[in-house]
Amino acid sequence: MKSWGEERVSRLVELSAKHTYEEIGVILGCSAAAVRNKLWRLGVRKKAQEWTPEEESLLVSAYQSSGVAEEIGLTGLAASLGRHKTNVCRKARELGLTNQKRRMVATPKIRKPKFDNDQDRRAHVTKALKDHFATKGHPKGFLGGKHTEETRMKISEKSLAFAGRETDEQKASRILKAGRTRAENGTLYPSRPGATWKAAWREIGGARKYYRSKWEANYAHYLQWLKDRGEIRDWKHEPKTFWFEGIRRGTNSYLPDFWVQENSGAEAYHEVKGWMDDRSKTKIRRMAKYHPNVKLIVIDTKAYAALKRAVQSLIPGWEP
């Protein structure tokens with residue numbers, strides 16, 4: 001590569017005022033990248049070439065006559081104007097020609113799903129990984145291996161040392177972050193397929209939701225019945241999770257069964273709780289402590305039995 005002597009540098013600066021990097025490269029016998037780099041090192045900034053009325057007219061015509069993006073022919077248009085595609089797009093935005101709703105292609109490709117269901121996809125991925133590991137080995141190189149007792153002791157010591165460096169605030173923050181992540185992924189309150197309280201998907205009030213018990217579903221029927229009669233304004237099933245900031249041990253969140261809005265605009269959360277175990281008691285106690293301004297109504301076994309006697313024959317869809 002030729003060195004940049006004083007005469008050549010002077011010629012470079014002179015050419016930069018009227019020529020593109022590519023044109024300068026041809027004249028000086030070097031690449032456009034070398035020209036750009038040298039000018040940058042010299043502190044010379046090329047001013048963007050002004051758009052002529054004829055060029056603007058050509059740009060407007062190309063954009064306005066095209067129904068879809070591919071018809072604009074951006075690559076060919078930029079080449080005919082002697083400009084970079086980025087520069088052309090920027091000018092189009094300045095002139096108000098860009099349409100974010102413009103389709104990219106006239107006939108979009110419809111891709112057929114490779115797998116009919118998620119189970120088939122998972123099976124394919126599992127097989128592919130096993131075949132890969134069989135031929136190229138496991139990426140961590142320890143598939144099927146076991147740590148020695150000495151190694152396990154070292155790992156234990158390291159883990160205990162890490163836990164000892166963690167402050168109470170850091171631990172609480174980590175636990176809360178993990179809980180919120182599970183909530184976003186839908187795994188904070190997993191379903192229990194072996195349970196006997198008839199958890200299932202049900203459509204109530206025009207919305208399909210997963211109700212964790214028959215009692216919960218019946219109470220949803222009851223709230224919809226009240227709404228249809230105009231006795232309440234609205235209700236929702238499990239719309240909000242309440243978090244208990246600073247909790248380092250045990251439950252740090254609570255998801256009430258129902259949100260109910262009275263006709264007056266007052267709001268309350270209703271919890272159908274047939275079996276009040278220690279975990280449930282802790283949640284309700286912490287709810288009162290960390291969210292004292294939220295009204296919570298607990299429908300226990302006695303309250304549910306009274307409600308059932310009073311309205312079960314009146315409400316369509318009530319499950320016996």
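A polar contact is a pair of N or O atoms within 3.5 Å, and within protein one of the two must be able to donate a hydrogen and the other to accept it. The views below are all taken from a predicted model.

**View 1. The side chain of T126 and the backbone of R122 in a polar contact.** The side chain of T126 reaches the backbone oxygen of R122 at 2.9 Å, a separation that belongs to the polar contacts because the pair lies within 3.5 Å. T126 is found in helix α8, which covers residues 118-136. With a relative accessible area of 40%, T126 is partly exposed.

**View 2. Helix α1 against helix α2.** Helix α1 (residues 6-16) packs with helix α2 (residues 21-28) at an angle of about 145°, and their axes are 10 Å apart. The crossing in which α1 passes α2 is right-handed. From α1, the residues R8, R11, L12, L15 and S16 take part, and they meet I24, I27 and L28 of α2. Sorted by class, this contact of α1 with α2 comprises 5 nonpolar, 1 polar and 2 charged residues.

View 3. R202 has its place in strand β1, residues 200-204, and counts as buried because its relative accessibility is 12%, where buried means under 20%. The side chains of R202 and E319 are joined by a polar contact of 2.6 Å. When neighbours within four places in sequence are left aside, R202 is in contact with A207, R208, K209, Y211, S213, K214, A217 and E319. For orientation within the chain, R202 and H84 are 118 residues apart in sequence and, from C-alpha to C-alpha, 57 Å apart in space.

View 4. Strand β7, residues 267-272, holds E271, which is buried with a relative accessible area of 4%. A polar contact of 2.9 Å joins the side chain of E271 to that of Y254.

**View 5. The backbone at E238, between β3 and β4.** E238 is found in the loop between β3 (234-237) and β4 (242-243). Most residues other than glycine have a negative phi. E238, although it is not a glycine, has a positive phi of about 50°. This residue, E238, is buried, with a relative accessible area of 17%.

**View 6. N252 in the loop between β4 and β5.** The loop between β4 and β5 (253-254) is the place of N252, and N252 is buried, with a relative accessible area of 6%. Not counting residues up to four places away in sequence, N252 touches I175 and L176, together with F242, W243, F244 and I247.

**View 7. The cysteines C30 and C89.** C30 is buried, with a relative accessible area of 17%, whereas C89 is partly exposed, with a relative accessible area of 24%. The two fall into separate classes because buried means under 20% relative accessible area, while partly exposed lies between that limit and the exposed class, which is over 50%. A search of the whole structure finds 0 disulfides.

Key
Residues numbered from 1 in each chain as written. Predicted model: local features only at pLDDT ≥ 70, side-chain atom pairs only at ≥ 80, totals over all residues. Heavy atoms only, no water. Axes fitted to C-alpha atoms, helices over the stretch in contact; angles between N-to-C directions. Helix = DSSP H or I, 4+ residues; strand = E, 2+ residues; numbered from the N terminus. Left-handed = near helix turned anticlockwise from the far one by under 90°. Contact = heavy atoms within 4.5 Å. Nonpolar A, V, L, I, M, F, W, Y, C, P; charged D, E, K, R; others polar. Disulfide = S-S within 2.5 Å. Buried < 20%, exposed > 50% of the residue type's maximum accessible area, 1.4 Å probe, protein only.
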